[in-house]
Structures are given as structure tokens and as C-alpha cells.
Amino acid sequence: MTDSKYFTTTKKGEIFELKAELNSDKKEKKKEAVKKVIASMTVGKDVSALFPDVVNCMQTDNLELKKLVYLYLMNYAKSQPDMAIMAVNTFVKDCEDPNPLIRALAVRTMGCIRVDKITEYLCEPLRKCLKDEDPYVRKTAAVCVAKLHDINAQLVEDQGFLDTLKDLISDSNPMVVANAVAALSEIAESHPNSNLLDLNPQTINKLLTALNECTEWGQIFILDCLANYTPRDDRESQSICERVTPRLSHANSAVVLSAVKVLMKFMEMLPKDLDYYGTLLKKLAPPLVTLLSAEPELQYVALRNINLIVQKRPEILKHEMKVFFVKYNDPIYVKLEKLDIMIRLASQANIAQVLAELKEYATEVDVDFVRKAVRAIGRCAIKVEQSAERCVSTLLDLIQTKVNYVVQEAIVVIKDIFRKYPNKYESVIATLCENLDSLDEPEARAAMIWIVGEYAERIDNADELLESFLEGFHDESTQVQLQLLTAIVKLFLKKPTETQELVQQVLSLATQDSDNPDLRDRGYIYWRLLSTDPVAAKEVVLAEKPLISEETDLIEPTLLDELICHIGTLASVYHKPPSAFVEGGRGVQHKRLPARAGSGESAESPDVGQAVSAVSDAPPAVIPSQGDLLGDLLNLDLAPPTSNVPPVPSSMQMGAMDLLGGGLDSLMGDESETSASHYRTEVQSPQPPECSERELGGDVGGSPAMGVSLGGAPVGMPAGLGAAPAVGGGLGDLFDLGGGVGVTAGSYIPPKTVWLPAMKAKGLEISGTFARRSGVIHMDLSFTNKAMSVMTDFAIQFNKNSFGLAPAGPLQVLTPLSPNQTVDVSLPLSTTGPVMKMEPLNNLQVAVKNNIDVFYFSCQYPISLLFVEDGKMDRQVFLATWKDIPSENEAQFQIKDCHLNSDAASNKLQGSNIFTVAKRTVDTQDMLYQSVKLTNGIWMLAELRIQTGNPNSTEWLDSRCRGVRNASAYILVYDICCVESFEYVKMIRQQIVDNREGSSSEVPILVVGSKRDLQRHRFTQRRAISVLVKKTWKCGYVECSAKYNWHVLLLFKELLGIAVARGLRQNHASIRLQGALQRNRCSVM
Amino acid sequence: MIGGLFIYNHKGEVLISRVYRDDIGRNAVDAFRVNVIHARQQVRSPVTNIARTSFFHVKRSNIWLAAVTKQNVNAAMVFEFLYKMCDVMTAYFGKISEENIKNNFVLIYELLDEILDFGYPQNSETGALKTFITQQGIKSQHHTKEEQSQITSQVTGQIGWRREGIKYRRNELFLDVLESVNLLMSPQGQVLSAHVSGRVVMKSYLSGMPECKFGMNDKIVIDKQGKGGTTDEAGKSELGGSSGKQSIAIDDCTFHQCVRLSKFDSERSISFIPPDGEYELMRYRTTKDIILPFRVIPLVREVGRTKLEVKVVIKSNFKPSLLAQKIEVRIPTPLNTSGVQVICMKGKAKYKASENAIVWKIKRMAGMKESQISAEIELLPTNDKKKWARPPISMNFEVPFAPSGLKVRYLKVFEPKLNYSDHDVIKWVRYIGRSGIYETRC
């Protein structure tokens, strides 16, 4: 039986043929036809037109055919709800079938059809199936309740299915129990407060019994559910642990990890002096080590989790260093994770071995890995003092290799070593200075400048060195500029006589020529310090630095505790709380470790706290750069810095930032004049009907100004946190809300984030968010007292900000705030306060006072807060204004992969006071014209173009190739040693041909085989390819070698030759050629 | 839970696409292709997050299997499921290839419908699945009522891996102890890390629902028995004590789901009702007292910038009466190698330019012997500043004993309902030790 033939039919009119075959009398022919339909569906063709014909085949006693028809139904029922009704009768009949397999199949499939009318008919059969005599049907029905809940939660509650489901936990069959638990857990996640999964000792006992008997998957469901339970006391906790430990020997790694999760969590409750506690710790190590012999993908998951476990309980794996040694053939992701854990486990006892390994790794091939290894050597030096000397000499050896990235990385870590052990290893400075010229990364340059400044008195030519850096001051990144400024001031304080000119030069560069506020402010501070009191300046600038801590990259303790509760899941792989990557209410509740009954864990936490605060005196890198933010909002994957970063989008991004920097800035200066900036947002959606709300959310947010300000990322988190979990693409959430609550519900309110951690404010924790309620802006604050004493006398003040936000009344915290108490306050805000432009634009600096001290923090408000209700512009005015907008105030954006029709988009946006002024349809495109008014009277106008694209031309929709459709010529390069690259070229050429208007012969395409120097390894003969390309594709063919610059010029000559030849035939050669030659029109991909 | 499952060929064309959850759209199919399959670079992580959608993938030959979700799923479970999916497909139609997948796409959809419901993995034991998911749809219609309920009770039941009523004329079972020795040795001959990961693979052809008990020379069990000091066992345990290495310390072991784990945890006895046919009973890992079958002694000398001299000696370290087989030593050479001359005492050696290595093969070698190879490697002068990374010398072999020292002590079979006893079962045991990652740095 060869079914692959079904994949090959592509001829026209096949739908009609299929229709005929589907209605054939012969059973075999029918079945063949359905197979063909399914094959087409798989590859993405639209075969929904065959709906009635396929449904007609449903009444069959052939189980295989029936399953195929059901598969079709699940896919297309939603788009053809009326026709889907035709299937109901068969479903209901099948639910009564004597064969349990068919009963289960029917109820399983019905649950997957998201059509209201079918759902209505599902209730009765489902009720019967939940009580079916056959366990197979019951276990299927249990999952079906979860499906139904996903479609219509209210219905499930009204029909009392939840109670029936709860009863199934006591079922005699273990698999039914497992599926019921899985379904209940999922439903409970969307009702965080309902006591749905009523976990009490009796149910726990039932679950533990079922655990021994059910399938591996069922064990996972049950263990994951157990992890949500909080035992009453340490005794219960111990008895559960005892019954869970045997799972550690299961062959399925997921079972093992879930068991580890339960144990790690319940262990919190056991007193540390208990014998059992020690036994448990010992039992945990071997299974964790065993996970490392699993397949690489699982190893990766395991390693990410071990990383968390090692931070939480280092004692478990402290003797197992060797198993984390990197193997030569490990995939890179496993290598990097192992390295991380090695450093965490490094101690005086094993440091010699670790160093020997790290030195070995530093000579490997993969750049990221080598860098990390070099960095790891530095971290060892800081962590284990005895090894510092050896580490430094190892680093020096590595610097001698002169491999550029190794040198740079080494210098960065040597800086840290200097800070940790001042006045100990300065002898190496000379070696470092030799490598000054090879440093091209900002971090390395900044580190080197810091070293020069710090040890200026020992470096004879420090002034020359710094002066050489100063020449290109404007081209440096901010990090380097700041460091350079400080270093020169240090130098001046140490050698005032010969460096006066230099210091003046840098101060004027920083204060006058720079528009970076940080740099400017620092420059002014130094200037005033130096001019008023040089002695004080010396005390400030050359003050003793606080020592840096031993552990870096630690996860913040509360986050770590939360992640421990998520062992085995995606959250533990990303090291982010689920709320950072899951939208909606699902699974976003914070999980907490249970409190220990007796002894205090508190002895550990201050240490960690210190570590974090010590790290945070480094310049905080938490605020994502605008580029990142835009990337986030657009859901584009801009993050990986690959070589093929598209030139087109990046230039657009620049435009967007320009606009923010200059455009709005100038607008704000002159408020009397109503001007407007204007965005054109283009939405291309490959398949219009399928609307995924979330995506559009992020996407439309991409209109630049909105994007940047809406995506208010949390600020004020300690820098030690590393990756700041984005609260979510601001507009993304905005759109979600529109769908869920209704359009008029008002603007989106982001969840509260912690603005001021207790650690930084003597025990006062402030979290908050902004909301716009009935036209008034509110700042919703939660004050939590985490200190030991009562807090009173609260007051609040804002710094000047971009939109003049100011408290409209005093802060009302009436009663004194006693320890561990939280109070919620809603503070109305006005927009009439003093105005000053902030960076970023939506930054708000706040001071809060209480009886203890004054605390400062900054936060960012979503710009949608400032969109006023009367922001709908008159049509005529809109038209007139639109024309008058100068082009420099205009930015264009393209959003890909967005599926939402214009009405839905417009409704959603209106919820946030973004109003649709007009709508127009051109060809297949919907154009929305929208207006927004800010509180300070500035208008923003936007054009939203929603394009229904051609689903086949996926490559073009990819932003990488944007604009290529208009190119004058193409060079397609492949690697002669790699078949896949040729396949890729083949595909691209096909798409060029498919997508260009007119015939392909119009566009010159030149296929180039590169790596000619590796002739020996080529995958096929030159002749074969050249014949294919020249004869069949009618394209030019050249082989070249970039390494030896062989035939490279020829290739461009050839290309021009083709272009000219084609042009001549059409009689406007010069124009065409000119077009191709203009440098700015030539985009290199 | 899993929102969708896609299978792609190496070009990124979709072969199978099954969506389980409403939050996963067709665009997810394209997102993975564009961002992972077509990303012309090494895979940096098996989990990718694109636009808040997480993709888990594994690759089998040139086929990509991807599971997609938007929720905080159990990541380990998803990967285990993907591997299981591969096993099931292999059991049904052999090698996972584009051709086979296209030929069996109807079957695959049927399987996916059965083993993954709303993203929750269900029973995926091939033994059970094969009873009711067959490639002939009509056949399943002829099941009698009893047969049907037997199927469902097996699929959902406690012993989901074995069906009732199996009969063999000859009750037979085969035990294979397969071990792979992993070693990382420094150039000076110091063991950096060594461990054995072993598997006990069982092929059972037994009638009825037999209850089995498996015993090996596990140190904990032997010590316990020794301490217990029962009079009749005294002689045995003394014997164990006198000959030194009679028991081995197992660091950790995992079992097939048929083994009663709670019983192992409390009594350390391995008892189970085996699946029919071949399966893996247990996996274990040992790190103490490993017999390293071979020792590799490398000597690399750089003679100027354009020449390398390599000498490698291998020594076999086991009983002279035993024979190691399929010995292969792989000596890496720099990328700029222009020519190689090899001389070896035994076997055949060849320079393979495409693999950048000298491959030295020896068919057989007895214990306590030694052999040597020397090679001169000529290099092209390059201006590449970067030093050659010197990958480790790796080795492959097969020996007829268990390097961990594991011995099977007994495997008892009880079937109370049928009339055959432990003595009637024909049992076969063999030990095979293979090289895992057996590397010596040079």
C-alpha cells in the first residue's frame, strides 16, 4: 500500500474530480478519495468546498474511513457550522454503538468540534459516556469535559459535569482517575479561586494509590497535580514523600522530574534535623544524574532544572561535579548548560579539576561556548580565592593565543578579578595593554578603560591610551562613553598637572555634544565637583569600591521558589514565570513553596539578598532597549543576531526611533501648534478568517510610538535578575481584553508589577499599575510592609515628566501599616503638572515617603493611558491633516503573520480609545484610518492596511525578503558542498518565478555556486547542475570562491551582462541598467 | 498541554499536521519552518519560543517532529512523548523516513488520534495499540463483544502492556545484558570520568500472565543477605565475600513500567509481569570498579608547522581467553591535512579526508595484548591563527562480558494458572559490553 501518491496530485480541477469520486458508489473509491482530501488538507490546501460530500461518507461501517471523515470534520467544522449540523445525527447514533471503541471515538471527536449547535447536542451523550460501563469510554469522556469547558465553561458548570468529573477521581480504573485529574487540573487553572480540585488527605490517598497502577503518562498527571497540594504538617508531608520516592526509578524521565518536583516542594516542610530529610537528599542525586544519560533534548530539560535545583539546594549534587563535564559530541545547548552548572558546583575541593576542564573548553570551536568557558574561569577565580592566581595565569595564557573573542572575554573577566582582589594582580596590566587595539566589543573596551582609569598611576602612558579612545568618542556606545568619562576624571585626580586638557575635552564632549541624559548628567556632576571642591571630588570618585560578590547570575529567591514549583515544565526551561510566556489567566497564578514548620530558612535568604544588591550597583541593564521592545511587540524574532538580519526592517526601525527622539520631541516643545505624526501600518495576513487574537495584539502594537511606550516593561528590578521577564507586549494584552470583556470595557489594565522591592526600601514593597477609568487616570498601588515595625505617614510625589502627570490629591493611606499587611490605594492623577521630556518617554520617577525614609523608584506607564475619549477626529479634518503631515513625521511598519479582520481590529483598538475614522477596501486590502488624541492635545493618525496575502508565497511574507519582489536582478548563492543549500535555492527560485508579475525571463537570475575551492567535496558534478540551471531554469550559472576571490568579479560582470542583454531587447537599456547600478537600490541578502 | 503536532521533511514541507487545541493556528506550521528548519544555523535549543508559542522538536534522520503549545506544559513529558511517538511509528512501519511517513499517513493520523487526546498522552504501548489499530480497518469490525471489552480493559487497565490468553508451546526467554562503557581519559592516563550505562533487555515468549522475579549481584541485596546470616545461605555469602568482586554497587537504576517500583523501593526485589516480546526491563548506571577493556596511550608531536607525528598504543585489559571484536580507533587529524602515512602492526588503517580522521580497524583482539599505530601527518601551511582544537581520540569495540561486573543470579517465572513451572522455561543469558563514548584526550 503506497499512500504517498496522494501527496503528488496538484493539477487543476482536482476538486471536481474528488467530488465525483466521493460520491461514487464503490466503497474503495470513496475511501481513496477521502485519503486524497486528507492529504491535501495536510499540505495546507483548502478543501473545505468538499464538506457536504465528505460528511456523506460518514455513515459507514468501515472504522478507518470513519476516522478519516472525523479528522476532516475537526478541521473544517468551524468554518462551515451550518453544514456541520448534518453530522450530529451520526455522532449521537455512534455514542450508542455497542462497540466501546466507536462510542469513545464519537464522544472524543464531538468534543473537538467547536460549533455551538454541536456542543448543545454533545451534553446528553457525554453524560452517558461519563457513566459508561467501559473504562475506555469513561477515560475519553473525562478529557472531553475539559474540551467542552474550553468551548463553553458556563455550560459545563450548568450541566453539573464538574461534579461527575470529581466523582471519577474515585473510579476503580487508574487511567480514568489519571485523565479525570488532568482534566480537573486544567479546568481549575482557569478558575484560580474555585476550590475545584478539592485536595484533601482522602483524595491524596486515592491519587497515591492510582499512582502505582496507571500508565507513565497518568503518573505524570497525578504527580503534577500532587505538587499543587500543601500538606497540613510535616508528618503528612513525609508520608507523601515516602510514597512518591519509588517513582524516581521510573524509566520515563518526565515521571522522574515530576516526582523530583513533588519532593523538592514538600521537603520545604520537613525539619532539617530529621533523619528522613538527609535520606531524601541522598536519594535525589542518583536519578538526577541518570537523567544526563537520556537523549540530548531531555538532557537539556534536565540540565535547566538541575540548574534551579543546584541553586536551591546545592548540597544535593555537590559531589557529582564530574558528570557535568562536557563531552566532545554533546550538542551545543547541552554544553552551555553543563558549563553553567559546573561553575555553580565549583568549590575549593574540586577547583583544580574544573579549571583543567575549562582550559580544555577554551580551545573548542564554537564561539559562544568558548566565551562562556573563558568567563567561567573568571567566575571561578572570584568564587574560590585559592584558585585566583591559577585562574589569572590561565587567562593570560589564553590572551596569548590572540584569538580576538577570547582576548576580549578574558579582559572583561580580569576586570572583575581586579575588583574582587584589589592590588594583587596588577602586574598583568602590561600584557592587557598590548591588546588594546584588538578590542572591538563595547563591553571589552569599557572593561579595559576601567582598568586604565583605576590603575592610572601605574600606567605611564595612561593619558595617551585614554586619549586614543577619546578620538572616536561619538562612535562609542554609551557604556564605553560613560566609562571613558569616569576613567579620565580618575586620571585627572591622580595626575592633575598633565591631563587638564584631556579632562576638559571629555567634559565638554559629554555635556555639550551628547544627547544622552545619563552621560550629560554624569558629566555635569563631575564638572561641578571638580570646580567646587577637588578634595571632595577625590573622595567621591576615588572612593573605595564595594567588593563584588562571589555568585553572579543567581536567580532572585522568590522567582527561584516559584520556578521550583514548576520543575519539569516550560517555565523551568525558560527560567521565567509562566506569566511571562503564557497569555490569559491560565496557569499564571503564582505558586509558592510551603513554609517550613519549625526552623527558619531565613538564615539563607539574607546572603542571597546581599548578593543581588551587590550586583545591582552595576549599571542596570534591565530596561530593554527600544529595539528589543519593538521586536517584542511585533512578535518578530529579532533577537538572534544572525547574519541575515534583514536590512529593510532594521532601517525602518531606525526611522521609528528617530521619530521618537526627534519627532515627538519637537512636537512637545511647541504645544500650541496642533501637529500630528502619522503612521502607516500594514498588516498582511495569509489567511484572513483564522484570527488569533494574541498575535494581532502584539502586532498592531507595532506602530512605533505606541509600541515603545505601550510596552511598558517593568523597571526598578535589581539588575541581578538577568533577563527581565517582559510583562507582556502592552498592546498585545490590550487586544486580548477587547475580545474577552467586550469593546466598551475601556482600556487595558496591565497586571501589577513590583516597582520597589522590599529589599531596597527598608521593608516597604510597592507594586502597582496604571488604569484609565471613566476618563480619569488612576495609579493603583499596593503597599506591603515586609519590615518588623509599623509604617505611617505616607506621602507621594512625582518628578516632572513627559506628559505632566501629577497626583490629583494626596495619598490616602489612613491606617498605619502593620508588619505583613498590604493596603491597596488608588490615586487619581491629573495631567496638568510640570512637563519635562523623559527617557524613555513614558518614564515616571516617583518618590514615596513614610515615617522611616524617603524612597525613590521609577516606573513606566502604558501610553494608552493618555489616549482620551474624544479622540475621534472628524473625517474632513482627518483628510486635511493627513495630507499636511510632513514626511519626516511619518513611519511605516509591516506586520507579518497576523490574522484578524479589519472589524475585529477596529473594535479592539476602540476599547483603548484608538478610533477608526474611516474604512476603505481596495482590491483585497482593507484600509483603516485611525486617530488618537493624547492628553496634551497631540494627535496621532494611523493607516492600517490589512492585506489578504497569497498563502503559497510564504517566503515572501517572511520579513527577510521584503521588497525583493521589486528587485532588478537576483543572485542566488548556494554551497557546492551542501545539497540542502541547493534545494533552498531551488525553492527560492520557484518563489521568485511564482511571485513576479509576468514571466521569469524578465528578471535576470544568476545562480552562483560558492566554495569552489572545496571542489573535492562537492555533492554532484558541475555539469549536472549547470545544465539544469541553464537549460531548464534559463538562468545564468557561475561558480566562484570567495576565499580565493576567484571568479567573484566575473559573477557581477555576468549579472550585468544578463541585465543589459535583457534590457536592450526591451529598448530602455540605460534606464534599467542605471536602476540596477544605483547603490542604494541594491539590497544584499 | 500539547496544542499541535507537526512532522516535516528536511525541506520544511509538512507531512503530518494535527492540531489539538484551538489556540494553535496554521501559521504555527510556517513559523517553525521559517524560524527553525530554514534558519541556516546550528540548532541552539530544542525548545524554541516564537511569538509566545513554544515549539519542541526532535529530529530523526532528516525528519523533524515538532510539538507546539502555548501553555506552560510539562516539557520533559513532551519530549518523552515525541520519542515514544517515534518508537510507535518504528514499530508499525520501520524506519522513520519521508517515504514511510507518506505511505502511512492515514495510519499516523489514526495513531495520533488515539495516543494524544486534547494534548494529553494516552496509552502508547505498541503491544496494546496493535490489537485495535490495524492497517485493515474492516478487521476491527469483526471483534466479538468479549474481544472488544478485552481490548479496552487492556488499554486502560493496570497491565496495559500485556494481553490475556497468550500461548506458547515452548516457554522461552532471552536476557541480554548490554553495557556501554564511557570513558574520558587525560593524555597522561588519568581517568577523568568513567561510567557504565547498562540495559537489561528481555525477550519473553511465555504463556499466560507469568509473574517474574529478577535477581542480580546488587551489592545492597547481597550485603543484606550476608547480614541476615540465615544458615542455609551462609555458605553462599561466604563464597561471595572470599572472591572479592562478587557484588557491584549500582548508582541508580530505572525500570520499565511493568516493574513494581514500590516493591523495589522497600525490598529491593525486582518483580513484574513482563510484556510479550522484546522490551527493556531496566537501565542502570555504575561508576565504581569498572573494568576498562582498553587503554589508549596517545603521543602527538608537532614537527615544525607542517608536520605532525602521531603514535597510539592500545592495550587490552581482560582475560586472555576472551576476544574483543569490531575494534575501531579514530584518530582526528587537523583540517589542513594534506597527506598521511600510516604504519600499524595489526588490522587496517586508513586516512579518511572527509571525516578528518585516521580510522584504524582491528577485527579481533584477545585479552592482555597490545598493538600500535604510528602516523605522519603532513599539513598545508595556513595563516589561520587559531590553533587546532585537538579533538579526543575515540574508540569503538565489543567485548563478551559486562564491564561493570554485573551478573544475573536468577530469573524466576511463576504462572499459577497454567501448568508450567520455572524449570520448564528455557532461559538464555548473554553479556555484551560495548564502547559508549570512549575517549582519550591527546
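Chain B of this predicted model exposes about 19,200 Å², and carbon and sulfur atoms supply 50% of that surface; areas of this kind come from the Shrake-Rupley method with a 1.4 Å probe, and for residues only the protein chains shown count as cover. The chain has nine helices and 23 strands, taken as DSSP runs numbered from the N terminus (H or I, at least four residues, for helices; E, at least two, for strands). Among contacts in chain B with a separation of 6 or more, 71% link residues 24 or more positions apart, where contact means heavy atoms within 4.5 Å.

Residues are numbered from 1 along each chain as its sequence is written, while chains are lettered from A and ligands numbered from 1 in the order in which they are written. Local features need pLDDT of at least 70 and side-chain atom pairs count only at pLDDT 80 or more, whereas totals for chains, interfaces and linings use all residues; side-chain values use heavy atoms, with hydrogens and water left out.

One residue of chain B worth a look is B:Arg364, which sits in strand β19 (residues 357-366). With a relative accessible area of 47%, B:Arg364 is partly exposed. Not counting residues up to four places away in sequence, B:Arg364 touches B:Leu323, B:Ala324, B:Gln325, B:Ile327 and B:Lys346. B:Lys346 is 18 residues away along the chain, and its C-alpha atom lies 9.7 Å from that of B:Arg364.

Then there is the interface. Here 129 residues of chain A are in contact with 103 residues of chain B. The two chains bury about 10,300 Å² between them, 54% of it on carbon and sulfur atoms; this is the accessible area (1.4 Å probe) that two parts lose on being put together, summed over both. There are 13 salt bridges between chain A and chain B, each a side-chain nitrogen of Lys or Arg within 4 Å of a carboxyl oxygen of Asp or Glu. One of them joins A:Arg114 to B:Asp22 (3.1 Å, N to O). On the side of chain A that touches chain B, helix α9 (residues 135-151) gives the most, with eight residues.

Within chain A, A:Asp94 belongs to helix α6 (residues 88-94). A:Asp94 counts as buried because its relative accessibility is 6%.

Note on methods. Buried means under 20% relative accessible area, exposed over 50%, partly exposed in between (1.4 Å probe, protein chains only).
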